Amino acid sequence: MKITIIGTGYVGLVTGACLAELGNDVFCLDVDQRKIDILNNGGIPIHEPGLEEIVARNRAAGRIQFSTDIEASVKHGDVQFIAVGTPPDEDGSADLQYVVAAAKNIGKYMTNFKVVVDKSTVPVGTADRVSAAISAELGARSVTAEFSVVSNPEFLKEGAAVEDFMRPDRIVIGCDQTPQGEKARSQMKKLYAPFNRNHERTYWMDVRSAEFTKYAANAMLATRISFMNELANLADHVGADIEAVRHGIGSDPRIGHSFLYAGCGYGGSCFPKDVQALERTAQDYGLNLLILQAVEAVNARQKQVLGDKMQQRFGENLSGRHFAIWGLAFKPNTDDMRAASSRVLLGELLRAGATVAVYDPVSMQEAKRVLELDFYDAPELLASIRYAANPMDALVDADALAIVTEWKAFRSPDFDEVKARLKQPVVFDGRNLFEPTVMTELGIEYHGIGRSVLTNK
Ligand SMILES: NC(=O)c1ccc[n+]([C@@H]2O[C@H](COP(=O)([O-])OP(=O)(O)OC[C@H]3O[C@@H](n4cnc5c(N)ncnc54)[C@H](O)[C@@H]3O)[C@@H](O)[C@H]2O)c1
């Protein structure tokens, strides 16, 4: 099938590459010339395991092309995926300007039937806005061409995006019941048929329910994390081990083991903004989502837990202190720094007078770019950050090590070397990678999240 992907970011590039891998003829559009140039020169603008090979293979086979040519992109695809960003607006609602701009472009150039797929995460009712924007452009040109707007939210996880897209748990598609909607449904069915071979994975529903499903999923996941984080902080006080509690409750099939890890807060491009946007949608209808307000507040506080623990240990004034930080990206296997907990920790430590040496296996370059923006008004703080060459290099002369991202490479370090390099053997583990009792046996002072009962033994 001929597919156009509008927006070649994390979601757009993965969607485009995977659909090309299945034999479709894919046109990826972006307004960012830099991204398109990188892709056309054989590079890849983001870090995502397995993606580079798929893009290279399909580019060589002529099944995927990258361009900034809007008119050509509209002409190309019978199915037009909108996969542009939906960042939070000042009031927390989803900023739909890029989605509407993409819809207008479709209306400006389309001449035949198009299936327009909202793949971006968009608030309930956005499909109607997309329809209206396309119709207005068609009207302005006095052109009659049919189209149908479909909601097909994306559930991929950064760091495992290719795997998630190729082997989805579920595919959610919302179509309307008009004749155009039926036509769109049959095209979507054909497009996704290869994913349903083993068993049917598609959940067909109305458009609004599909839009809502994406927010409900992210809100639920964020809730589980904040719930466990809040309990972890209590566990630290009452002398319980949150990891034992996690196993104890996860074994109940009604609860399950996934997404119950306590840590130093969730980040990324999705949970923070989607929780906020859902709250904002509710407010538009005069409702307050009290649980989600708490989820957000708990997460904001949780991002400060590591810094607070470090200040409790070393004092509020950290002048003259130097710390090593392992992990900058918001989670492993990605270079994405959006809403990463490391940014909050760095802010706390640097503003309290400390200097830091940081290391992340893939996000060093992206971190530099983002931290320059974070500290644009405080260049002296920026100068207090050293970008280390490897994890062990970061430890040299540090008063303590803080772990913010659970990269596999950090899971079993040579602890003798860790101890030898640190000024004193103190570890703040924001992702509970290590066993407190083992650390104590190794002679390392250990501070996890919700694990002080074992640390103090
Ligand atoms: N990143 C994730 O893990 C993830 C997962 C599921 C859903 N989503 C949702 O998918 C959407 C995209 O997220 P992302 O992380 O891929 O964003 P991104 O910022 O990585 O990519 C968006 C791209 O769209 C381009 N763009 C903006 N306006 C455009 C236009 N008018 N025409 C063409 N290109 C345009 C931008 O230049 C950018 O390259 C968001 O709504 C997000 O919430 C993201």
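Arginine 313 and glutamate 445 pair up in a salt bridge, with their closest N and O atoms 2.5 Å apart. Arginine 313 sits in helix H13 (residues 305-314) and glutamate 445 in strand S14 (residues 445-447), so this pair ties together parts that are 132 residues apart in sequence. Please keep in mind that you are looking at a predicted model. Searching the whole structure turns up 27 salt bridges, and the protein chain is divided into domain 1 (2-205) and domain 2 (222-455).

**How the two domains meet**

- The C-alpha centres of domain 1 and domain 2 are 34 Å apart, and the contact draws on 16 residues from domain 1 and 16 residues from domain 2.
- Between them, domain 1 and domain 2 bury about 1200 Å², with 50% of it on carbon and sulfur atoms.
- On the domain 1 side, Tyr10, His47 and Glu158 give up the most area to domain 2, together 40% of what that side buries.

**Polar and charged links between the domains**

- Two salt bridges are counted between domain 1 and domain 2.
- Glutamate 158, one of the residues of domain 1 that lose the most area to domain 2, has its side chain in a salt bridge with that of arginine 338 (3.7 Å, N to O).
- Five residue pairs are in polar contact between domain 1 and domain 2, both residues being at pLDDT 80 or more.
- Sorted by class, the side of domain 1 that touches domain 2 has seven nonpolar, six polar and three charged residues.

- Side chains of opposite charge can pair when their charged atoms come close.
- The side chains of lysine 2 and aspartate 25 meet in a salt bridge at 3.9 Å, N to O. Lysine 2 belongs to strand S1 (residues 2-6) and aspartate 25 to strand S2 (residues 25-29), so the pair ties together parts that are 23 residues apart in sequence.
- Aspartate 393 and arginine 386 also join their side chains in a salt bridge (3.1 Å, N to O).
- Asp91, Arg280 and Asp284 are connected in a network of salt bridges.

**How exposed the partners are**

- In the opening pair, arginine 313 is partly exposed, at a relative accessible area of 31%, and glutamate 445 is partly exposed at 28%.

How values were computed:
Residues numbered from 1 in each chain as written. Predicted model: local features only at pLDDT ≥ 70, side-chain atom pairs only at ≥ 80, totals over all residues. Heavy atoms only, no water. Domains from an automatic or database assignment. Contact = heavy atoms within 4.5 Å. Buried area = accessible area lost by both parts, 1.4 Å probe. Salt bridge = Lys/Arg side-chain N within 4 Å of Asp/Glu carboxyl O. Polar contact = N/O pair within 3.5 Å; in protein donor to acceptor, adjacent residues only side chain to side chain. Nonpolar A, V, L, I, M, F, W, Y, C, P; charged D, E, K, R; others polar. Helix = DSSP H or I, 4+ residues; strand = E, 2+ residues; numbered from the N terminus. Buried < 20%, exposed > 50% of the residue type's maximum accessible area, 1.4 Å probe, protein only.
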